[in-house]
Amino acid sequence: MRGTGDSSALASPIRNVAKSIDASQPLFDIDMLEHRVSESLAERRDRATVLGTFAALALLVAVVGIYGLMSYSVTRRTHEIGLRMALGAGRSDVLRMVVGAGLRVAAVGMAIGLAGAVLGTRVLRTFLYGIEPTDPTTFGAVCATLAAAVFFACYLPARRAATVDPIKALRQE
């Protein structure tokens with residue numbers, strides 16, 4: 001039966017119609033289809049929420065780790081970067097060098113992660129709803145998101161490296 005509003009308000013008319021058709025049939029637990037579907041999917045939705053939260057935290061940890069690694073690398077290479085700039089490297093060259101190094105590290109990590117994800121699909125199959133475990137669109141979207149996050153995590157140290165004063169960097173040991 002179609003209806004809108006509260007299912008308890010519709011219970012009495014439904015019972016009357018059912019009794020007029022066959023009085024021996026028991027009628028109980030009347031509820032809306034949307035509520036039943038929502039209840040049946042609640043466990044999967046909760047699992048997806050937990051996995052999504054952990055995925056967001058993992059992305060945050062990865063970004064912070066890559067930012068820290070790149071920041072440390074730029075600090076350690078200040079002398080080299082200053083020398084490159086003294087020999088004619090422009091700010092765009094330094095930006096490209098630092099961001100490129102970070103993206104190369106991320107590409108290796110993504111390749112290893114994709115291999116692990118493909119191998120782990122049998123375990124994760126029960127947690128997925130509405131997509132296949134080896135969905136290329138999902139893998140592509142995850143890699144693109146991670147690449148964008150890595151780019152922004154590398155950009156700040158790269159920008160700092162591009163502003164290195166060559167004279168000060170060469171004097172520093």
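## Salt bridges

A salt bridge is counted where a side-chain nitrogen of Lys or Arg lies within 4 Å of a carboxyl oxygen of Asp or Glu. The structure, a predicted model, holds four of them. Residue exposure is described by relative accessible area: buried is under 20%, exposed is over 50%, and partly exposed is in between, with a 1.4 Å probe and protein chains only.

R47 is partly exposed at 25% relative accessibility, whereas E43 is exposed, with a relative accessible area of 54%. Helices here are DSSP runs (H or I, at least four residues), as are strands (E, at least two), numbered from the N terminus.

E80 forms a salt bridge with R77, the closest N and O atoms being 2.9 Å apart. E80 also forms a salt bridge with R84, and there the closest N and O atoms are 2.9 Å apart. R84 and E80 are four residues apart in helix α3 (residues 78-86), and therefore about one helical turn separates them. Through shared partners, these salt bridges join R77, E80 and R84 into one network.

## The largest pocket

The largest pocket holds about 970 Å³ of space. Pockets are found on a 1 Å grid over the protein atoms alone: a cavity is a set of points where a 1.4 Å probe fits but cannot get out, while a pocket is an open set with protein on both sides within 12 Å along at least five of seven lines, and lining residues have an atom within 4 Å of a point. Grid points are joined across faces, edges and corners, and the volume is the space filled by probe spheres set on the points.

The lining of the largest pocket has 32 residues, and A55, A117, L124, F139 and V142 lie nearest its centre. Two or more lining residues come from each of α2 (33-76), α4 (91-119), α5 (121-124) and α6 (136-162). The largest share, 10 residues, is given by α2. By class, 24 of the lining residues are nonpolar, six are polar and two are charged. In this classification Ala, Val, Leu, Ile, Met, Phe, Trp, Tyr, Cys and Pro are nonpolar, Asp, Glu, Lys and Arg are charged, and the others, Gly among them, are polar.

## Nonpolar surface patch

Y67, L103, F151, F152, Y155 and L156 make a nonpolar surface patch of about 530 Å². Patch residues have over 30% relative accessible area and no salt bridge; like charges are joined within 9 Å and nonpolar side chains (Val, Leu, Ile, Met, Phe, Trp, Tyr) within 5 Å. Accessible areas come from the Shrake-Rupley method with a 1.4 Å probe, and for residues only the protein chains shown count as cover.

Helix α6 gives the most to the patch, with four residues. L156 is found in α6 and is partly exposed, with a relative accessible area of 41%.

## The α5-α6 loop

I131 sits in the loop between α5 and α6, and I131 is partly exposed at 39% relative accessibility. The C-alpha atoms of I131 and M70 are 35 Å apart, with the two residues separated by 61 residues along the chain.

## Basis of the values

Residues are numbered from 1 along each chain as its sequence is written, and side-chain values use heavy atoms, with hydrogens and water left out. In this predicted model, local features need pLDDT of at least 70 and side-chain atom pairs count only at pLDDT 80 or more, while totals for chains, interfaces and linings use all residues.
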